[in-house]
Amino acid sequence: MAGGVSGEAFSAGERLSGDVYAIAPSHYRSICRVPFSVSIPASERGTRIDWIDAAKGISILLVVFHHAHLTAASVGHGWHVFARFDALFTPVRMPLFFAVSAVFAAKAVGQSWRKLFTSKLAYFLYLYGLWTTIYWAYYRYLLPEPATGLLGTSGKQLLTMWIVPVSGQWFLWVLAIYFILAKALNNMKHPLTLAAFCALAAVAENLSRDYFAHHSHQKALLYAPFFLGGLWYGRAALSHLPQRPRAAFAIGALAYAAVAIVDEILPHDLPGTRLALSAAGLLLGCSATVLLCRSDTVRRSLSFFGRNTLSIYVAHGLVMTIAASLLSWLALPSHSPLWMTPMLGLLAGPLSLGLRKWSGEAGERWLYGIGGIRDVFRTLRDRTQPSPA
């Protein structure tokens, strides 16, 4: 990633991220930069960074597939097989994203509050505000009938989005919250603290969405244990998981199947089921990544996506929405549900990356980084300072 938070971030990747795109606006995500200063032996450094990049790559690909499926379904060309496949990987997608995003965040969290704001929080909030506004403008002025309650239906959303993030950029919003939370808990790193957040997530998962102003608030509670867990204990995974990935994969698969069966059998939702599925999904995702990285071709491919998550995340929803809007005007054949989702997914990656490349230096400073707005504030500050006598 370039721009704003220069060099320290995802040089072994950018950041990752999930939720609905189509003719109707909804979810979207962007990516977060993560400082890269961990003490990893030089002999292992390249392999482990590739593993983290590849995990980010898997996460962003699952996010793109999720939105491609929702976008295709929103224009009447969804397929139930893709819906089931998407549901199967729901416990992997966002837990994996937040956990790997946090692994190398300790340096930023250990900084002063002022440095944390200038290096991380300002970056997240700027990109969240900018891309949410871009999506809002598109849905409000270029879509003929934006769906009720979604982004673009009211000018007030430009103000309320800071409290109720109705766009897919909610993940940037929640990352800022997680970094604030992690900084506040910096002297309270303890398994009991993490257990308390797990208990809170277990309660939140069974609450009706009527209890929350928006489902992103519920998700913020659900995924907090994965961010904090990745931050506090993620480095241990870097050391131990690559040693026995097959065993970890088997344990994750068995745990996932057991929890899913129990959830299916019980007449009522059992508190903590979704949390347990997500924990098993995280183990599955990480161990599968390590195993897949044994192939150089797969490792390089996944790592490429992992290093370009921001570019894909912030733009892929717009690409899919525009494509779906155009296709909705055509009389598509009856077999279109079989290829609509894959086609949208395949378009999203190259076009999103192309947009970043086409935007050039201006895009790096304004659309994908914070350098441009920082220069504006620096200029304003210099002009308001009294000149020396």
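**Conventions.** I number residues from 1 along each chain as its sequence is written, and side-chain values use heavy atoms, with hydrogens and water left out. Because the model is predicted, local features need pLDDT of at least 70 and side-chain atom pairs count only at pLDDT 80 or more, whereas totals for chains, interfaces and linings use all residues.

**Entry 1: α5 and α7.** I took helices as DSSP runs (H or I, at least four residues; strands are E, at least two), numbered from the N terminus. Helix α5 covers residues 113-141 and helix α7 residues 170-184; they pack at about 165 degrees with axes 7 Å apart. The axes are lines fitted to C-alpha atoms, for helices over the stretch in contact, and angles run from 0 to 180 degrees between N-to-C directions. The angle makes α5 roughly antiparallel to α7 (over 145 degrees; under 35 is roughly parallel, 65 to 115 roughly perpendicular, the rest oblique). In α5, the residues W113, L116, K120, L121, F124, L125, L127 and Y128 meet α7, where contact means heavy atoms within 4.5 Å. The α7 side consists of W170, L172, W173, L175, A176, F179, I180, K183 and A184. By class, I noted 15 nonpolar, no polar and two charged residues in this contact. Ala, Val, Leu, Ile, Met, Phe, Trp, Tyr, Cys and Pro count as nonpolar, Asp, Glu, Lys and Arg as charged, and the others, Gly among them, as polar.

**Entry 2: α5 and α13.** I next examined helix α13 (residues 309-327), whose axis comes within 12 Å of that of α5 and crosses it at roughly 5 degrees. The two helices are therefore roughly parallel. The contact of α5 with α13 has 12 nonpolar, four polar and no charged residues.

**Entry 3: the core.** Which residues touch the most other members of the largest nonpolar core? They are F98, F179 and F227, out of 85 residues. Such a core is a set of buried Ala, Val, Leu, Ile, Met, Phe, Trp, Tyr and Cys residues joined through side-chain atoms within 4.5 Å. Helix α5 gives the most to this core, with 13 residues. Not counting residues up to four places away in sequence, F98 touches, among others, W170, L175 and F227.

**Entry 4: W79.** I located W79 in the loop between α1 (42-74) and α2 (80-88). W79 counts as partly exposed because its relative accessibility is 28% (buried is under 20%, exposed over 50%, partly exposed in between, with a 1.4 Å probe and protein chains only). W79 and H335 are 256 residues apart in sequence and 9.8 Å apart in space, C-alpha to C-alpha. Beyond four places in sequence, W79 touches H69, P337 and L338.
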